[in-house]
Amino acid sequence: MDAQRALLDELMGTARNLTEEEKKGHKELKWDDPDVCGPFMARFCPHDLFVNTKSNLGPCSRIHDPKLKESFEKSPRYDSYMRKFEAELAQQCEKLVMDLDRKIRRGRERLAHDAAVPVPIPGKITEQLAAREEQIKKLLEQIEELGEAGKVDEAEALMRKVDLLNAEKTALATQADNKAAMLEKKMELCETCGSFLVADDALERTQSHVTGKQHIGYGMVRDFLAEYKAAKEKAKEEERLAREKKAEERRKQREKEYDSGGRHSDTRREKSGERDYDRDRHYERNRGRGRSHDHRDRGSEYRSGSYRNGRDPERGGHRYRSGDMINDRGRMRSRSRSPSRHGY
């Protein structure tokens, strides 16, 4: 019936039985609708794992539809939404595991406390044993009195009662020993689901626990959480390696550009040095030519009449050589001493 309904839903839609007025307010559900359970779309919903167990989480408030899950798995947006749904599921599983680990820690503390305290015999059995011993004691006293009085038959009847009481006493003692032994059995905790187990219990009971819904459910939760964390760490490591690879490539590229730029700069420096050397040589050559022209010009000026006449052609005045000035002074003295000038 459900298969036929699902087939009709697929062919005609979920609103096939609604009236026209109802269809106006009807919204066709899609897998990305907020009312659809994301963890169910990704893997499983934790609410489905512990039904009818001590760890029952109750019904999920969102929609679980296998058809929507199939539609999601065929969607081109599967990868992007899968990460979102898995993150939501991981958050729920993390909370479940934290609560369970807290319960397991309390269980370990309880086992450690019980192991330190000796197990007493149950009080009810102890009272019954004491009552039987008191009855036996009284009967034995009566049997002794009857024997002294010669009442053998009555003494034998009481003796049979004593035998019955001794048998009951033995049974009670055996029962007490068994119960004490059961209480003294070593208990242990299941590290997967937190249940108390009897150490070295029968194989059937152990197998029944391992295949139970609670154990399987918490096993799925733990396995998914470990897988999710491992995948996340792997993605982080791959991202780190990719960053390092890009950084290394950039470093090599910079070194390559630096080496190439250094060779070009060396070439430019060599060319610049050659140009400076040529410019200096050209400058020195021009200076040498200028000096030779100055010497030739000055020589021509000396040879010309300007310097011979004592006249500086540049200043327009006379320039005398030292010898000419001395000769002129001598002539002036001779004139001043001549007799004709003094009337001799």
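**Salt bridges, core and charged patches**

R222 comes out as partly exposed, at 22% relative accessibility (buried is under 20% relative accessible area, exposed over 50%, and partly exposed in between, counting protein chains only; areas are from Shrake-Rupley with a 1.4 Å probe). The model is a predicted one, with local features needing pLDDT of at least 70 and side-chain atom pairs pLDDT 80 or more, while totals for chains, interfaces and linings use all residues. Residues are numbered from 1 along each chain as its sequence is written, and side-chain values use heavy atoms, leaving out hydrogens and water.

The side chain of R222 meets that of D101 in a salt bridge, at 2.9 Å from N to O (the cut-off is a side-chain nitrogen of Lys or Arg within 4 Å of a carboxyl oxygen of Asp or Glu). D101 sits in helix 5 and R222 in helix 9, so this pair ties together parts that are 121 residues apart in sequence (helices are DSSP runs of H or I with at least four residues, strands are runs of E with at least two, numbered from the N terminus). D101 is also partly exposed, with a relative accessible area of 27%.

E191 is partly exposed at 45% relative accessibility, and R108 is partly exposed at 41%. Bridges with shared partners also join R43, E86 and E227 into one network.

Over the whole structure, the search picks up 16 salt bridges. Another of them pairs the side chains of D32 and R77, at 3.1 Å from N to O. D32 is in the loop between helix 2 (20-24) and helix 3 (38-42), and R77 is in the loop between helix 4 (66-73) and helix 5, so the pair ties together parts 45 residues apart in sequence. As for cover, D32 is partly exposed with a relative accessible area of 31%, and R77 is partly exposed with 37%.

Now for the inside. The largest nonpolar core has 18 residues, and F44, F50, C93, V221 and F224 make the most contacts within it (a core is a set of buried Ala, Val, Leu, Ile, Met, Phe, Trp, Tyr and Cys residues joined through side-chain atoms within 4.5 Å). Helix 5 (78-116) and helix 9 (213-303) are the elements giving two or more residues to this core. Helix 5 supplies the largest share, seven residues.

On the surface, K54, K103, R105 and R106 gather in a positive patch (patch members have over 30% relative accessible area and no salt bridge, with like charges joined within 9 Å; charges are placed at NZ of Lys, CZ of Arg, CG of Asp or CD of Glu). R105 is yet another helix 5 residue, and it counts as partly exposed at 44% relative accessibility. A patch of negative charge brings together E134, E141, E144, E145 and E148. E141 has its place in helix 6 (residues 123-149), and is partly exposed at 44% relative accessibility.

Finally, D200 lies in the loop between strand 2 and helix 8 (203-210). D200 is exposed, with a relative accessible area of 80%. From D200 to E188 it is twelve residues in sequence and 9.6 Å in space, C-alpha to C-alpha.

Note on methods:
Patches are made of residues with over 30% relative accessible area and no salt bridge: like charges are joined within 9 Å, nonpolar side chains (Val, Leu, Ile, Met, Phe, Trp, Tyr) within 5 Å. Lys and Arg count as positive and Asp and Glu as negative; His and the chain ends are not counted. Buried means under 20% relative accessible area, exposed over 50%, partly exposed in between (1.4 Å probe, protein chains only).
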